[in-house]
Amino acid sequence: MSQFKTLDDLGDVTGKVALVRVDLNMPMADGVVTDLTRARAVAPTILELADAGAKVLLLAHFGRPKGERNSTMSTSLIQGALADVLGREVMFVPEVAGPVVQQTIGIFRPGDIGLLENTRFWPGEEANDPEFARAIAANGDFYVNDAFSAAHRAHASTEGLAHLLPSFAGRSMQAELEALDKALGSPEQPVAAVVGGAKVSTKLAVLEHLVGRVQHLIIGGGMANTFLAARGVDVGKSLCEHDLTGQADAIMDAADRSGCTVHLPYDVVVAKEFAANPPSLRTCNVHEVAADEMILDVGPQATDRLADVLKTCRTLVWNGPMGAFETQPFDAATVALARTAAALGTEGSLVSVAGGGDTVAALNHAGVAGDFTYVSTAGGAFLEWMEGRELPGVAALSR
């Protein structure tokens with residue numbers, strides 16, 4: 001893993017201005033933030049800097065305003081929710097650079113916290129315009145990036161600033177990078193990867209990268225149907241990308257060459273309609289799926305076998321559910337395998353790292369998210385990391 005500085009490397013910051021990139025792009029309904037997960041994730045970094053006497057200015061995006069001011073996407077809308085999470089007063093600053101920010105700094109006392117306006121109100125943000133980055137940097141003494149979920153974007157506030165000021169990883173970013181290094185950077189072997197979800201097309205690069213890095217690749221969800229079809233299995237009317245069976249074959253061939261075992265279900269849960277507990281529900285061998293049936297979950301025998309595979313491993317990286325977990329009883333395989341992984345982690349035999357929106361929801365549904373070694377709330381950044389791609393926001397910190 002690349003070396004990067006953390007808050008432990010900061011000296012005396014009393015009175016200094018910390019420009020801190022955070023992810024506060026939280027869901028809202030009727031003017032109320034409905035999920036405070038991201039605010040809670042960055043709170044330790046914000047409070048640590050404030051308690052050390054820094055003047056903390058927060059940079060964040062909110063929605064997709066496309067370079068124009070939009071009152072429905074102002075970060076002022078999340079100011080109150082953030083203040084509640086921090087237990088501190090947070091001042092809203094309607095700019096990100098220039099004299100207004102400079103004046104705010106002038107009246108701030110050490111330990112004060114300010115939330116700057118949505119960085120994406122300015123075209124220079126997403127364009128990573130050097131002049132825009134310099135304008136922001138002019139008011140800061142050092143830069144902290146605590147937004148891993150935005151680290152795959154080479155924007156002014158996620159990448160540009162790191163080249164202009166002394167730069168550090170915040171506590172959330174640090175925890176994320178250390179967990180990911182344990183999962184695929186320098187993991188204890190054998191390593192297993194669970195990759196599920198609806199479509200192979202969205203995770204081709206992930207699968208291609210993983211077969212050279214893990215010893216066991218467990219494929220679930222609708223993706224498994226495409227791989228089964230590539231092996232000549234008739235998957236009925238299941239969700240399946242038949243045009244990608246060639247790529248699925250190539251991935252399995254690459255796995256064979258690298259000594260990676262690909263695990264596909266051999267018994268499955270099927271139904272003629274996608275609904276909760278449908279009358280047509282049954283479990284069968286994959287070669288017994290009828291033309292009018294769809295595969296909606298991995299069967300119990302295959303799930304038990306996969307649990308045995310995890311018991312032989314030391315590291316697990318997980319992205320995507322095993323079946324249509326939102327609808328019972330098609331959550332059974334996801335819940336069972338997640339609970340096995342959680343139990344192995346609790347007893348200290350497995351390092352388990354999971355990420356992605358559906359994955360987090362599935363682990364919460366199984367009641368085991370807190371028992372995994374690390375659960376990332378990042379979506380695109382987590383997937384790009386699984387693809388083996390360099391994340392601009394992370395790379396900039398290590399330079």
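**Pocket, sheet and helix packing in a predicted model**

Residues are numbered from 1 along each chain as its sequence is written, and side-chain values use heavy atoms, with hydrogens and water left out.

Colleague: Which residues that line the largest pocket are the closest to its centre?

Modeller: Lining residues have an atom within 4 Å of a point, and helix 8, strand 14 (294-298), helix 12 (357-366) and helix 13 (380-386) each give two or more of them. Of the 37 lining residues, the closest to the centre are Gly197, Ala198, Gly222, Pro321 and Gly323.

Colleague: What is the order of the strands in the open sheet of 6 strands?

Modeller: Strands are DSSP runs of E with at least two residues, helices are runs of H or I with at least four, and both are numbered from the N terminus; two strands pair if DSSP finds at least two bridges between them. Strand 9 (residues 191-195) and strand 15 (residues 315-319) run parallel and are joined by 5 bridges. With parallel pairing, the order in the open sheet is 11-10-9-15-16-17.

Colleague: In strand 15, which residue is the bridge partner of Ala193?

Modeller: Strand 15 is joined by its bridges to strand 9. The bridge partner of Ala193 in strand 15 is Val317.

Colleague: At what angle do helix 8 and helix 9 pack?

Modeller: Axes are lines fitted to C-alpha atoms, for helices over the stretch in contact, and angles run from 0 to 180 degrees between N-to-C directions. Helix 8 (residues 221-230) and helix 9 (residues 245-258) have axes 8 Å apart and pack at an angle of about 85°.

Colleague: How are helix 11 and helix 12 oriented to each other, parallel or perpendicular?

Modeller: Helix 11 (residues 332-346) packs on helix 12 with the axes 9 Å apart and an angle of about 80°. Angles of 65 to 115 degrees count as roughly perpendicular, and helix 11 and helix 12 are therefore roughly perpendicular.

Terms used:
This is a predicted model: local features need pLDDT of at least 70, side-chain atom pairs count only at pLDDT 80 or more; totals for chains, interfaces and linings use all residues. On a 1 Å grid over the protein atoms alone, a cavity is a set of points where a 1.4 Å probe fits but cannot get out, and a pocket is an open set with protein on both sides within 12 Å along at least five of seven lines; lining residues have an atom within 4 Å of a point. Angles under 35 degrees count as roughly parallel, over 145 as roughly antiparallel, 65 to 115 as roughly perpendicular and the rest as oblique.
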